Amino acid sequence: MREITRFYVDGQWVEPTELNLVDVINPATEKAAGHVALGTAADVDAAVSAARRAFATWGRSSVDDRVAVLNAIIAEYQKRTDDLAEAVTEEMGAPAGLARAAQVPIGLGHLMTAAAALPEYSFVEDRRASRIVKEPIGVCGFITPWNWPLNQVMCKVAPALATGCTMVLKPSEVAPFSAAIVAEIFDAAGVPAGVFNLVNGDGPGVGSALAAHPDIDMISFTGSTRAGIEVARTAAPTVKRVAQELGGKSPNIILDDDDLAKNVAGGVATMMTNSGQSCNAPTRMLVPNSRLDDAIEAVKSVEPSLTVGDPTGKVRLGPVVSEPQFEKIQGLIERAIGDGATPVIGGPGRPDGLPTGYYVRPTVFSGVTNDMEIARTEVFGPVLVIIGYDDIDEALAIANDTEYGLAGYVSGKDLDEVRRIGERIRAGSISLNGAQLDPSAPFGGYKHSGNGREWSDYAFDEFLEVKSLLGYDA
């Protein structure tokens, strides 16, 4: 049993002001894997005060100093990769192979990208007689989700450290184990006291206190659009900067060519990664109406590879994260069938032989139109819909007919056509022909998928204020 009963504040592990422990449930066993203490507004106050004191010096640190700290964190992170992978599998059910090959490395990738980009980043620009400087915004509050815990922590923490900000992190109380190891890594790396602080808790107890706190200069939130709206409302009276990476319902346009079957199979595999619990998952597959039968056969061909089971074994999909998430997904699947959608594979209920654990059958629906609930709501599970189109203009109209705009996908033999189509999708990150995510490229959304950008040196700008010194060159 893992016991996360203390918070990391001002360079040391401290007791919470009130001890309120809750179970952390292993989604594969439905049993408690440990406990985590939930913080209060008083704990947030202590962490923010520590961050504010540390900002007085860290905010004026040199680029060389910050690069050295990032490199020290990288070295310690690499020592703990096995521990981090085991924690992620236990807390949110990611298969062990995925945890080691993706969940842990992507966090390291953000650290390494920040360390490499920082020496080349320009904090000063001269224009005529004026000097324009970029300065750290100050104390940041981070609220991160459970689905890619290390990615979401590091894509905020790394650029904040690089730009001279201090911070208070609230990871998801559903998946707090890996974040506690991150705090141990930072401590071992010698990050100056107060620069990084960790307070566990839930949204009402800690998340709202961070968003409302008058001494926090910026709040960065990743999660659902509904929760992001509440964070922004709570932050508004203090006029702090709010950065949000929210939901998605990403289109995947498959072109009519000889590679259609291969691209359909690839789209299904990508969608099912992490049991579909990715905000940028390609959940709406758009295929030519004339090739729907081919697409359905391609889906059926890939079904045997979508193995579901104990995430500590060699499986493609583990459980979804929690009972509420399981019940939400089951309800959406059942209502989709009621609305006239047809399961090509999967459907309601657990996979055979898995009576315990929050396992969902990998499900692909045909007979879907873009106005159905299953095509408009973010499921956040292994559920994909196939929608037909007659021509590219119709495909793009369907692709852009969503309140979201986080990601998009296009696959086809003609790269020039793929590029042209990708440029017309209204979303922040477009994958062409199965291209993988790139830590050196910015990530973020249009419309209800959020504002601001994370990843790469583009993320630096989110953590900086811009000052004009007029008459600097007299």
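User: What makes β1, β5 and β4 a sheet, and in which order do the strands stand?
Analyst: In this predicted model, three strands form an open, mixed sheet in the order β1-β5-β4. Strands here are DSSP runs of E, at least two residues long, and helices are runs of H or I of at least four, both numbered from the N terminus. Two strands pair if DSSP finds at least two bridges between them; β1 and β5 (residues 31-37) have three, in the parallel sense. Glu 3 stands opposite His 35 in β5.

User: Why do β1 and β4 count as edges?
Analyst: β1 (2-4) and β4 (21-26) each have a single partner strand, so one side of each is left without a neighbour in the sheet. The twist averages 30° from one strand to the next.

User: How do you know which residues make up the largest nonpolar core?
Analyst: Such a core joins buried Ala, Val, Leu, Ile, Met, Phe, Trp, Tyr and Cys through side-chain atoms within 4.5 Å, where buried means under 20% relative accessible area (1.4 Å probe, protein chains only; over 50% is exposed, in between partly exposed). The largest has 73 residues, with Ile 73, Tyr 77 and Phe 186 among those with the most contacts inside it.

User: What do the numbers rest on?
Analyst: Local features need pLDDT of at least 70 and side-chain atom pairs 80 or more, while totals for chains, interfaces and linings use all residues. Residues are numbered from 1 along each chain as its sequence is written, and side-chain values use heavy atoms, leaving out hydrogens and water.

Methods:
Axes are lines fitted to C-alpha atoms, for helices over the stretch in contact, and angles run from 0 to 180 degrees between N-to-C directions.
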